Amino acid sequence: MGYAPETLARLERDAKEIIARYPKPRSALLPLLHLVQSVDGHITDDGIEFCAEQLGITPAQVTGVATFYTMYKRRPVGEYHVGVCINTLCAVMGGDQIWEELSEYVGVGHDEATEDGRISLERLECNAACDFAPVMMVNWEFFDNMTPEKARKLVDDLRAGRPVAPTRGPGSVCTWKEASRVLAGFPDGRAGEGPQAGPETLVGLELAKRNGWTAPPADAGRPEPDEPASGSKTQGDIHK
């Protein structure tokens, strides 16, 4: 079917800016996929064709990338995409229970969206925030130290349009399409909002400061270019 003329013109303008950042056009494929996802809400056939045409590659090559990375969705996603970490630490801290209760409460499973299009759920393998386990995300913003009760309230607030603030980061959650546009490389100017790291994350740094610990110099222990590494064997040693 293709994009409407005004949408296509906007996409082409943004794509040109993205591609100009890279020495080789095909290197721009990942942000281009985020760009079309910011328009369609997921990766559509039209989006795949657009990326292929802009980069001079085949739709099959685009599809191979779009189906490899889980951040690119091939089915419609909710306005607020809610991820629950079920990797080891989050799981044992309650992530598995949060997922089971939240999935039943919302009525959808992994990578499925509610009929009203407001919420979709995803089982996330890791949110890279183990010090705040169990962790959830909404459009990639952090919600730390969660419980089933807090998870249900979070979803209720999102569906009702009430203000929702992440634990860290900006003061409110943007929509899925807005987040995709940021990932395409068009900042929304909110990167510096709110706390970027919580006390749990900074414990090691504070201990180091308190005890006067410092990291060794970057080149400490490195052998000179002509000097074999400590413990390594020379060819003569091998034949002894």
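In this predicted model, the buried residues of helix H3 are Gly 47, Ile 48, Phe 50, Cys 51, Ala 52 and Leu 55. Their cover includes helix H1 (5-19), helix H2 and helix H4 (59-66). Directly after H3 comes Gly 56, whose phi is positive, at about 70°.

Helix H2 spans residues 29-40 and helix H3 residues 45-55; the two pack at an angle of about 145°, and their axes lie 10 Å apart. Their crossing is right-handed. On the H2 side, the contact is made by Leu 29, Leu 32, Leu 33, Val 36 and Asp 40, while H3 contributes Gly 47, Phe 50, Cys 51, Gln 54 and Leu 55.

Leu 32 belongs to helix H2 and is buried, its relative accessible area being 0%. Beyond its neighbours within four places in sequence, Leu 32 is in contact with Ala 15, Ile 18, Ile 19, Cys 51, Gln 54 and Leu 55. Leu 32 and Phe 50 are 18 residues apart along the chain, and their C-alpha atoms are separated by 9.1 Å.

A sequence separation of 18 residues can look quite otherwise elsewhere in the chain. Glu 115 and Ala 133 are likewise 18 residues apart in sequence, yet 30 Å lies between their C-alpha atoms. Glu 115 sits in the loop that links strand E2 (112-113) to strand E3 (119-124). With a relative accessibility of 88%, Glu 115 counts as exposed, because the cut-off for that class is over 50%.

Thr 175 is located between helix H6 (148-160) and helix H7 (176-183), in the loop that joins them. Its relative accessible area is 18%, so Thr 175 is buried, the limit being under 20%. Leaving out residues up to four places away in sequence, Thr 175 touches Glu 79, Tyr 80 and Asn 139.

Turning to the chain as a whole, the secondary structure amounts to nine helices and five strands. Their order along the sequence is α-α-α-α-β-α-β-β-β-β-α-α-α-α. The radius of gyration is 23 Å, well over the 18 Å that the globule rule gives for 240 residues, so the chain is more spread out than a compact globule. The C-alpha trace extends over about 70 × 50 × 35 Å along its principal axes. Buried residues make up 40% of the 240 in the chain. Among contacts between residues at least 6 apart in sequence, 63% join residues at least 24 apart. The accessible surface is about 13,900 Å², and carbon and sulfur atoms account for 54% of this area.

Methods:
Residues are numbered from 1 along each chain as its sequence is written. This is a predicted model: local features need pLDDT of at least 70, side-chain atom pairs count only at pLDDT 80 or more; totals for chains, interfaces and linings use all residues. Side-chain values use heavy atoms; hydrogens and water are left out. Axes are lines fitted to C-alpha atoms, for helices over the stretch in contact, and angles run from 0 to 180 degrees between N-to-C directions. Helices (H or I, at least four residues) and strands (E, at least two) are DSSP runs, numbered from the N terminus. A crossing is left-handed if the near helix is turned anticlockwise from the far one by less than a right angle, and right-handed if clockwise. Contact means heavy atoms within 4.5 Å. The radius of gyration is taken over C-alpha atoms; the globule rule is 2.2 Å times the number of residues to the power 0.38. Buried means under 20% relative accessible area, exposed over 50%, partly exposed in between (1.4 Å probe, protein chains only). Accessible areas come from the Shrake-Rupley method with a 1.4 Å probe; for residues, only the protein chains shown count as cover.
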